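Welcome! Keep the sequence and the 3D view open as you read.

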Amino acid sequence: MQGNHIAGVATPGSGARQIEMWRGRMEAGAATPPHRHSGEEVVLILSGSGRATVDGQEVRYAAGDTLILPANAVHQIFAESDSEFVSAMPLGDTVALPDGTVMSLPWRA
């Protein structure tokens, strides 16, 4: 995904029933596509720095910060340096582009 590397660490395949968790790495200069989740997403930044836009508001992040992304808030994360994170959300939440196109996330298996 264009400089984004994500793997599921708590998924239905590993026994998760309520919460799913992913571990990810973003290369410097990479960004997620603008998207939204039907439930809240929590992202813990393990290393690196960058910025995120959340419903048009810019937020800066660095290692140790937590991004709390409200349900249905369109957001995008931009890595200014190589960054690592873990992300959690309610299991099976819909993830969609701003136009409503549902994204297929292969790391959910």
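Predicted model: local features only at pLDDT ≥ 70, side-chain atom pairs only at ≥ 80, totals over all residues.

- In soluble globular proteins, nonpolar side chains tend to be buried together.

**Salt bridges**

- By the rule used here, the count comes to four salt bridges.
- Which residues are linked in a network of salt bridges? They are R51, E58, R60 and E80.
- R51 meets E58 in a salt bridge, with 3.3 Å from N to O.
- R51 is partly exposed, because its relative accessible area is 25%.
- R51 also forms a salt bridge with E80, where the closest N and O atoms are 4.0 Å apart.
- R51 sits in strand β5 and E80 in the loop between β8 and β9 (83-90), so this pair ties together parts that are 29 residues apart in sequence.
- E80 counts as partly exposed because its relative accessibility is 41%.
- R60 forms a salt bridge with E80 too, and here the closest N and O atoms are 2.6 Å apart.
- Since R60 belongs to strand β6 and E80 to the loop between β8 and β9, the pair ties together parts 20 residues apart in sequence.

**Positive phi in loops**

- Most residues other than glycine have a negative phi.
- D55 is a residue other than glycine with a positive phi, near 50°.
- You will find D55 in the loop between β5 and β6 (57-62), and D55 counts as exposed because its relative accessibility is 53%.
- N72 is not a glycine either, yet its phi is positive, at about 70°.
- The loop between β7 and β8 holds N72, which is partly exposed, with a relative accessible area of 44%.

**A closer look at Q18**

- Q18 lies in the loop between β1 (4-10) and β2 (19-26).
- Is Q18 buried or exposed? Q18 counts as exposed, because its relative accessibility is 63%.
- Not counting residues up to four places away in sequence, Q18 touches M89, P90 and L91.
- Q18 and A7 are 11 residues apart along the chain, and their C-alpha atoms are separated by 18 Å.

Key
Residues numbered from 1 in each chain as written. Heavy atoms only, no water. Helix = DSSP H or I, 4+ residues; strand = E, 2+ residues; numbered from the N terminus. Buried < 20%, exposed > 50% of the residue type's maximum accessible area, 1.4 Å probe, protein only. Contact = heavy atoms within 4.5 Å. Salt bridge = Lys/Arg side-chain N within 4 Å of Asp/Glu carboxyl O.
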